[in-house]
Amino acid sequence: MSTTPNIVPSYLGSVLPAASHPSVGERIVTSLADLSLLATDTALGMALATPAPATLTLPALSAIGAEPGLRVIRIFDRLGQWGTNPFTVAASGADKIDGESSVTLSQPFGCIILESRGTYWHVDVSGWIGFGGLTG
C-alpha cells in the first residue's frame with residue numbers, strides 16, 4: 001500500500017464541476033404555503049397534510065451562476081401522493097428544464113433530481129428508468 005496522498009495540488013481550494021454535492025438534510029413540506037425553494041435547500045420531502053397537485057418554481061438561473069452544477073435539488077414524494085396529485089416543477093421566466101418550461105411527475109413515491117447547467121436545468125433521470133411518471 002502506498003503512503004502517497006491522493007491529492008492534486010492544483011485543485012486545492014477549487015470547486016470542481018464534477019464534485020459531489022453535499023446534502024445537509026431533507027426539508028419536509030407539509031403545506032402548499034411552505035412550497036417555496038429556500039437558498040439552503042438541497043432536498044425536499046413532499047408530505048402534504050392535505051394532498052393536492054403542487055407546483056414548485058425553480059430559482060432563475062441568472063441568480064445562480066453560469067458554472068454547471070452550482071445548484072442541485074432533490075425532491076421526494078414521501079407519502080405516495082404524486083399518482084393522484086401530480087407534482088410540477090416549473091422553470092423561472094424563460095429558463096428551461098431540458099428544453100421544457102416545466103416537468104410533471106405522477107409516479108407515487110417518486111424522486112426528481114434537478115441540476116443547474118448554467119444555461120438550463122437538467123433532470124437526472126437515472127432513478128426513473130422503468131418507473132415512468134415524468135412528462136414535459
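Strand 7 and strand 8 run antiparallel and are joined by four bridges. Strands pair if DSSP finds at least two bridges between them. The model is predicted: local features need pLDDT of at least 70, side-chain atom pairs count only at pLDDT 80 or more, and totals for chains, interfaces and linings use all residues. Residues are numbered from 1 along each chain as its sequence is written, and side-chain values use heavy atoms, with hydrogens and water left out.

**Overall make-up**

- The protein chain has one helix and nine strands, in the order β-β-β-α-β-β-β-β-β-β along the sequence.
- Helices (H or I, at least four residues) and strands (E, at least two) are DSSP runs, numbered from the N terminus.
- Of the 136 residues in the protein chain, 30% are buried.
- Buried means under 20% relative accessible area, exposed means over 50%, and partly exposed lies in between (1.4 Å probe, protein chains only).

- Leu114 has Val123 in strand 8 as its bridge partner.
- The hairpin formed by strand 7 and strand 8 has four residues between the strands, and Gly118 in the turn has a positive phi of about 90°.
- Strand 4 is also antiparallel to strand 7, with five bridges joining them; here Ile75 stands opposite Ile112.

**The largest nonpolar core**

- This core has 23 residues, and those with the most contacts inside it are Met46, Ile75, Phe87, Val89, Ile97 and Leu114.
- Among the elements that give two or more residues to this core are strand 4 (72-77), strand 7 (111-116) and strand 8 (121-124).
- A nonpolar core is a set of buried Ala, Val, Leu, Ile, Met, Phe, Trp, Tyr and Cys residues joined through side-chain atoms within 4.5 Å.
- Not counting residues up to four places away in sequence, Phe87 touches residues including Leu35, Met46, Ile75 and Trp82.
- A contact means heavy atoms within 4.5 Å.

- Most residues other than glycine have a negative phi.
- Asp98 has a positive phi of about 45°; Asp98 sits in the loop between strand 5 and strand 6 and is partly exposed, at 39% relative accessible area.
- Phe109, with a positive phi of about 60°, lies in the loop between strand 6 and strand 7 and counts as exposed, at 59% relative accessibility.
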